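Reader: Hi! I'm new to this one, could you walk me through it?

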Amino acid sequence: MGIPFGYVLALAGIVVVLGMICATTRRNLIMILLGVEVMLNGAAIAFIAAALRWQQLEGQAFVLFIIAIAAAEVSLGLALIVYLYHRTGSLNPEDYQVLK
Amino acid sequence: MEFTGFPYLTAILLSCVTGLLVILFVPDENRSAVKWVSAVFSGLTLALSIAVFLLYDTARGGLQFVERAAWVPSLGIHYLNAVDGFSLPMVLLTGIVFFTGVLTMWELDHRVKEFYAFYFLLVTGVFGLFMSLDLFFIFIWYDVSLFPMYPLIAIWGSTRKEYGAMKLTLYLLAGSALILPAIIFLHVQAGGTTYDITALMQPGTFSAADQKLAFLLLYIGFGILAAVWPFHTWSPVGHVAAPTAVSMVHAGVLMKIGAFGVLRVGMSLCPEGWQFWAPLMATVAVIGIVYGALVALSQTDLKFVVGYSSVSHMGIVGLGLSTLTVDGLNGAVFQMFAHGIMTALFFSAIGYIYERTHTKMIPELGGLSRIMPVASGYFILAALTAVGVPCLASFWGELMVFIAAFRVYPIGGVFAVGGLVLSALFMLRVVQRAFYGPPNDKFVHLTDVSFRLGIPRMILAAVIVLFGLLPSILFDVIDTASVAFIKGLP
Amino acid sequence: MIAVGSTDTTLLAAIAATKLPFVAFAVILLLTRRRPRLSAGLSLTAIAVSLASAGFLLVKHWGIARPIEYAALWLAGGDVSVRVGILIDPLSLIMLAVVAAICLLVQVYSLGYMAGDPGFSRYYAFMSLFAWAMTNLTLAPTLLQLYIFWELVGLASYLLIGFWYEKFSASEAGKKAFVMTRCGDVAFFLGLLLILVHLGNLDIRELNGAAAGRLSPTVVTAGALLIFGGIIGKSAQFPLLTWLPDAMEGPTPVSALLHSATMVAAGVYLFARLFPFFSLSPTALGVCLAVGTVSMLIASTMAMVSRDIKQVWAYSTISQLGLMIMGLAAGNYVAGVFHLTTHAAFKALLFLCSGVFIHAFHSNDMVVIGRQGGRRLRVPMACLVIAAAALSGIPPFSGYFSKERILGALADLPNPLWVAAGLLGAFLTTYYTFRLIFIILFPAPGGEDTAQSHGSEHGHHGGYAVMAWPLVILAAVSVALGFGEKAVAQFLLNPFGSVTPAAAHHAWLPYAALGLSAAAMLLAWFEFGRRGAGQIGFVERVAPLHALFGERWYIDRAYRWLLDQVVYRLFSRLCARNDQKIIDGAVDGLGRVIAAGGGRMSILHTGMVQYRLIVVFVSIALMAIYFFI
């Protein structure tokens, strides 16, 4: 119980914001995906801290879910990106505007 | 569950659905098998429709062949089928047009299987709508019969087919967008417990103001389908674009759904709304009669002429419905039947001519009577029916409607009767330009309609003459419903 | 039919007379289309049985005082029920006999005239259709049944005029006939509706009886005038008269049967049928008298300049029908009906004789026929002269008796204008009739170029004998009928109980009429008959008059203009334009507006994934602020 809850929450916030910036500013699909992953991890940190703070197990269970879903999401996302790269040879999100 | 005797009506629906499923399982390349399956199942459907027509007890009248089962009890939705004097002619009409339509398309060779599958789906919806007495199901059947029209026209059609299909679908969806709120409104106003028309029909269920609002919505919504002026422009375009059998069902049956919907849903549930809006209906109908005939005068495409004549003739139906009299209702329903058979014959004949000459433009035809006397004969018979020659079916409907209309709306009646001159003018003009005169050299090598291909046209022509000579067969049936209906008015 | 027992020979005969032609029509159309001889046989048998039945009925019920009526309910409705049946009274019996007899004679004649035509079976089918419709029209007990068959004879007329449909003029004439009579029929139908609404039914006997007294005079006048509209259309009276001359495009036997003797006379028959009803309204009678007079005079003037032999008889038909209507409208029932009967005989004869000439010389032009030796065909020439004499009202031919009666009735009217018009009509009639006779009998030698042939009907030689016999029979009837005047008058008046008040005797009238006829004949002889005559009529010397008469007083032009400019150009075009531009334009415009709106909205979609992400984050942040602060 060394680190105050507020500090951990602040760290989680910083991680989320970093992920957000990464996801919105990088011009590379893979980096966008990575940014989303980072945001998920930020959320996971907040859950862990909250679980510790209130001594409730649901928080940790939720984190397990997040990790599993993140893994699935990354695998699917990467597969799509690889497929897109094969088709168009580009990883720039600006090139994908078919639905406009 | 409540079934009285053999469930003929469900059997009709099942026969269509089974036909549809069997067609889907026939291999694609085996075209003649698809056609034979379609012919067998549509023939079975026709036989069942005729059986229902003959077994209906006119002495007893009222709703018969009632089939009732709870569908979604918590929402008050029932599977409720029955026929009465209004829907019985429509069921028979649908059976006849369905069967003859299948036979008319016997020479089709482009994506045969899909065509018949959609065609069966379309007709299933139409049958369901005519037989159902549950508002919810009526709406579902309406949409079931509506959506196959798009692929049927867009894939197998001609002359600006995408435009026609799109226009038709949008118009009819707009209609359904008016019908749905009206149905929900009525459902909610009645306490939100049931969609059963027989229950909702009880006098005093809806206040006069509610009826006026709901009737207007239903009238416009279904009226679009009945090509009520000024919501008619989809119908000629759709007729022209559609392939022959679809034109037959479309003009012959689908437009009747509109008028029937006004009668079954609008007028039954909102009699006071009906009485309130009747003068408007009559005015619009008279405008439609004269206007449709005038526009038909300056058309050069055979199908456009028939399309606009349909607008004119559906105006007569609307006029009959607006008179609030037994004769008017009798005449309107009879006219719906007669017009259905007549336009089916029209399009069937045009379909043959188009298939041989590859044109529907009147100036390019000419002298067809010499080249294909029998095929032309069918068209001329239909044209004479449209002109209102006695002893052909349409005459009696028009007679009754005009008698009723003249009694209730003398001025409108005069204009409507005056429309007879116009209809004679444009129909005979077409007959003269396209079928009389010296034969066109381009077409002299063409053959007349063979006996086998002529069968559907023969059936339609025979029906026209039969009901022209013995109209009481049909009138006695319709009378059972309309007398009770008018008596039940507040 | 009401069950009266199968022993009721009247009913049986009436059914045989009215239903058999329909059977013949259906059988020919469905089964024997490819066998012309059998078709003709069927049709002839049917009409022969009809004639026999008609004759039987006439003999059995000679002197009938009370009408016999049979009726069955055909269609029961709410406020109206349709009954069909048979009404037998002197008028319908006479008309039935006339119709059946002329139908039979014309059908026999057609055996020769139409021989070898590719549409032979079709011709006999339509002839049977006509016979069916006409006999049922004649015996109709209700106005509604009369109207139904009235429309059906119109249909038969349409089909038969356009029988040679490959000729443009023929199909055009058929259409014109149908549409113009339809205009009259609409008035007729409205009249029916008016009476139906006010009286409750359309029974002819009730309408002629006391029941009509229940109607207000306005309704009677309006109803009578509207019904008279139908008569104007069917009997080709002013102003709907121009379809009849065009109808001569049909085969000549058709013109003889439909467009002179029977179908066009149905209008006059309807007038006679409702004579007591019409009599209730002096206004309506006045209008009828005026219309009849105008039609009679202007049709005569048109006949004076035409060179087409059938056209002359067509104009003459209009004029004689006008004369009948004048007679009836002047209040003399017998005169009108009797003239209808005699006219049927001699006018059919005129047409059939002309048909022989046309058949032989392939021309409708009287000058050409005369030059090619029309007078060598002895039988038709003699019959033509007899019929012409009857038409001109020369004793002892039948036309004399019936015309005198009508003129007598006109002379009874207080206003001398009407009888003057009648006498003028008689003068003109004799003039144009003998103009035609003299041109054929005494052709001008060589001279001017007159080979202008009016599209002759194609035909095949032969069958002369089969065509000659009906002529002889009709000629005999035309001569004999006049002497039956008293008997027919007595027969016709039976149902009315008393004989009509003896008309004031106008001793001067026959002399005046005969004198005028003689003068007209002399004039015609001077201009056309005498040796070295110029064969130019006095009308033809006055160019404007000639143009006016030859152009049918420009009535046709007016209709053409009305149809082309007003109906097609103005209304039809306008409505079509409105459909395309306004209604469709509005709908398509709506579609375009929605599509354009979608385009505007799509600016918001840059398509970049990351912009959307930013939007998501910003909105989450905003929501967080909203919820927590």
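What follows is a chat about the chains, how they touch, and a few close-ups.

Author: Happy to! This is a predicted model, so local features need pLDDT of at least 70 and side-chain atom pairs count only at pLDDT 80 or more, while totals for chains, interfaces and linings use all residues. Residues are numbered from 1 along each chain as its sequence is written, and chains are lettered from A and ligands numbered from 1 in the order in which they are written.

Reader: Thanks! Which chains share the most contacts?

Author: Chains B and C do, out of the 2 pairs of chains in contact. Two residues are in contact if their C-beta atoms, placed from the backbone, lie within 7 Å.

Reader: And how far apart are the nearest C-alpha atoms of chain A and chain B?

Author: Those atoms are 23 Å apart, and the two chains do not touch.

Reader: OK, how many residues does each side give where B meets C?

Author: Chain B gives 42 residues and chain C gives 38. On the chain B side, the elements that supply two or more residues are α12 (271–297), α14 (326–357), α15 (368–371), α17 (394–408), α18 (410–435) and α20 (472–487). The largest share, 11 residues, comes from α18(B). Helices here are DSSP runs of H or I with at least four residues, strands are runs of E with at least two, and both are numbered from the N terminus.

Reader: What kinds of residues are on that side of chain B?

Author: The side of chain B that touches chain C has 27 nonpolar, 11 polar and 4 charged residues. In this count Ala, Val, Leu, Ile, Met, Phe, Trp, Tyr, Cys and Pro are nonpolar, Asp, Glu, Lys and Arg are charged, and the others, Gly among them, are polar.

Reader: How about the contact between chain A and chain C, how many residues there?

Author: There, 10 residues of chain A are in contact with 10 residues of chain C. Helix α1 (residues 5–25) of chain A brings the largest share of the chain A side, 3 residues. By class, that side of chain A has 6 nonpolar, 2 polar and 2 charged residues.

Reader: What share of chain A is buried?

Author: Buried residues make up 14% of its 100 residues. A residue is buried if 20 or more other C-beta atoms lie within 10 Å of its own, exposed if 12 or fewer, and partly exposed in between, with C-beta atoms placed from the backbone. The C-alpha atoms of chain A fill a box of roughly 50 × 25 × 20 Å along the principal axes.

Reader: Can you pick one helix? Say, how many residues of α5(B) are buried?

Author: In α5(B), 9 of the 12 residues are buried, so to speak mostly covered. Among them are B:Phe136, B:Trp141 and B:Tyr142. The buried residues of α5(B) pack against β3 (77–83), α4 (112–131), α6 (149–156), α7 (161–189), α8 (197–200) and α11 (244–269) of chain B.

Reader: Last stop, chain C. What's in it?

Author: Chain C comes to 26 helices and 2 strands. Strands β1 (residues 68–76) and β2 (residues 81–88) of chain C run antiparallel, joined by 8 bridges, and form a hairpin with 4 residues between them. Two strands pair if DSSP finds at least two bridges between them. One bridge partner of this kind is C:Val82 in β2(C), which goes with C:Leu75.

Reader: And how is chain C divided?

Author: Into domain 1 (9–496 + 503–550) and domain 2 (559–628), with bounds that come from an automatic or database domain assignment. The C-alpha centres of these two domains lie 64 Å apart.
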